[in-house]
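Dear colleague,

I am passing on to you the structure that follows, together with a short account of what was found in it. Please read the account alongside the sequence and the model.

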Amino acid sequence: MAGVMLAGASMGTAAQAAEKTITAVMHSGLRVLDPIITTAHIVRDHGYMIYDVLVAQDHTFTPKPQMADWTISDDKTVYTFTLRDGLKFHDGSPVTAADAVASLKRWGQRDSGGQLIFDVTDSLAARDDKTIVWTLKEPYPPLLDTISKQSAVPPFIMPASVAATPPDQAITNHIGSGPFKFVESEYQPGVSVTYEKFDGYVPRDEPADWMAGGKVVNVDKVTWVTMPDAQTTINALLSGEVDYMEQVPVDLLPILQSSEDVTVEVRDPLGFQSIGRMNFLYPPFDNVKVRKAAMMALSQQDVMGTLVGNPDYYKICGSMFGCGTPLEDETGADTLINGGDIDGAKKLLAESGYDGTPVVLMQPTDVPTISAQPIVAAQALRNAGFTVDMQPMDWQTLVTRRASQAKPSEGGWNLFFTNWAVPEINSPLISPMLNGRGNDAWFGWPTDEKLEELRKEFIAAQTSEERKAVAHKIQAHAMDVVNYIPLGQFLSPQARSNKLTDMIQSPVPVFWQIKKAD
């Protein structure tokens, strides 16, 4: 595959001289195209290429007008959004309030924070073509923070006809509202995807600032190509055949750092949290004692040492909200941050009544930042007495399979690992995993009424001190039931050709504002 893509890049050199094209190697191939039905980062990144949002956050996490500005009633229950002039979809039709309403309603059925808003929504309607009125039953102070969040599932605005797709079914029409158009004729699932500048997009006047501000496109095309082998990608970057590498393995950094033609940098100082998620629906992890035994067997140091290696690029962190954030707290993470407890795990597993049911552990093989965790975990679980069935697959297959509620023996799963950018999980209102709504929760589907009560208590808190106190209760409870397993925090360097300038240093890799020299 890498050879084919390199050959394609070489053949495209002459054409690219006539038009400015950025060739980027992202962390994963793209197969799923609906950014509402999955939290996969590559699909979110695709969403930001072709869609826009009503409200966006700048680098201070402050909500700013993007497609719309807003007013709030004195009693804080009515939000009125007014679309700005010049908004168009890629087919030339105008973006209307009805499109925004339909998009928000579909998003609200899938997103953890959106579900909380719609719990207190009285109505959401289009007053006219440019005006959206969101009426609440009671004040919901985090509304703007939630709809402006950059991840995991942003409320992208689609045509109403597309947003009418049931939220558990993938959309088939990819007409967007954003600065780039999806070139369907050049799309090869899992291999390459091309976006071209949408000339009909009207950027805001303000300077670009993370997801907010003017999304000015300075190139003609952006092409994402898949190269699973990091060394091949590095060679292509050094030779000028690709322009950008989203994730560079830390042990290979010296190769790029020695080049005068490449810039290596970290987009986000908080980085990523690596996590393990269990399936609550089936044995053995429907048993809380088994989940606790599995967590007790794991060591963050083992995971981070294998995954990253260089301690300058990782930290041991037991906080579900990430370390370095206002809600940081490590209650319940003692064994994780202190090297694990295999003997304790064996004892607890024996007490649980575990009968040797195989743990179907999905192992992605093509994304360096999530390939080490399954191997380390499988060995630790086996050491503790678990039977482990580790099944290799590419990441996009895993992304599709993790949505299945089939029995593990019939194509389902018991355990997988992934990473979250810390800004995605630094609050219980936006973290996809801290959701106890059963079938409406994130993959793994825990039913946890106490967690839902605590999230409502967090919403009702009046001060930052009160919110922090509730967050600590959520941390303690979530660790006690093993909602998921935090496995440490790490930085993921990126690399770009020095021909690329003005790239926005946001946790989400975006391609507006960026320029490419001849």
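Ile459 lies in helix α17 (residues 449-460); helices here are DSSP runs of H or I with at least four residues, numbered from the N terminus. Because its relative accessibility is 16%, Ile459 counts as buried, a term that means under 20% relative accessible area, with exposed meaning over 50% and partly exposed in between (1.4 Å probe, protein chains only). Leaving aside residues up to four places away in sequence, Ile459 touches Leu116, Tyr140, Pro142 and Leu429, where contact means heavy atoms within 4.5 Å. Pro428 is 31 residues from Ile459 along the chain, and their C-alpha atoms are separated by 9.4 Å.

Please note that this is a predicted model, in which local features need pLDDT of at least 70 and side-chain atom pairs count only at pLDDT 80 or more, while totals for chains, interfaces and linings use all residues. Residues are numbered from 1 along each chain as its sequence is written, and side-chain values use heavy atoms, with hydrogens and water left out.

Helix α13 (residues 342-352) has as its buried residues Gly344, Ala345, Leu348, Leu349 and Ser352. Viewed down the axis of α13, these residues fall within an arc of 130°, so they line one face of the helix; the arc is that of the directions from the helix axis to the C-beta atoms. Asp343, Lys347 and Ala350 are exposed on the other side of α13. The buried residues of α13 pack against α10 (288-297) and α14. After α13 comes Gly353, with a positive phi near 85°.

The largest nonpolar core has 160 residues; such a core is a set of buried Ala, Val, Leu, Ile, Met, Phe, Trp, Tyr and Cys residues joined through side-chain atoms within 4.5 Å. The members that touch the most others are Leu54, Phe81, Trp134, Leu143, Trp224, Phe386 and Phe511. Helix α14 (residues 372-384) gives the most to this core, namely seven residues. Phe386 touches Phe285, Val290, Ala293, Ala294, Leu349, Tyr354, Val359 and Leu381, again not counting residues up to four places away in sequence.

Finally, Cys317 and Cys323 form a disulfide, with their sulfur atoms 2.1 Å apart. A disulfide is taken as a pair of cysteine sulfur atoms within 2.5 Å, and by this rule the count comes to one. The link of Cys317 and Cys323 is right-handed, with 100° about the S-S bond. Both Cys317 and Cys323 are buried.

Yours sincerely

Notes. Helices (H or I, at least four residues) and strands (E, at least two) are DSSP runs, numbered from the N terminus.
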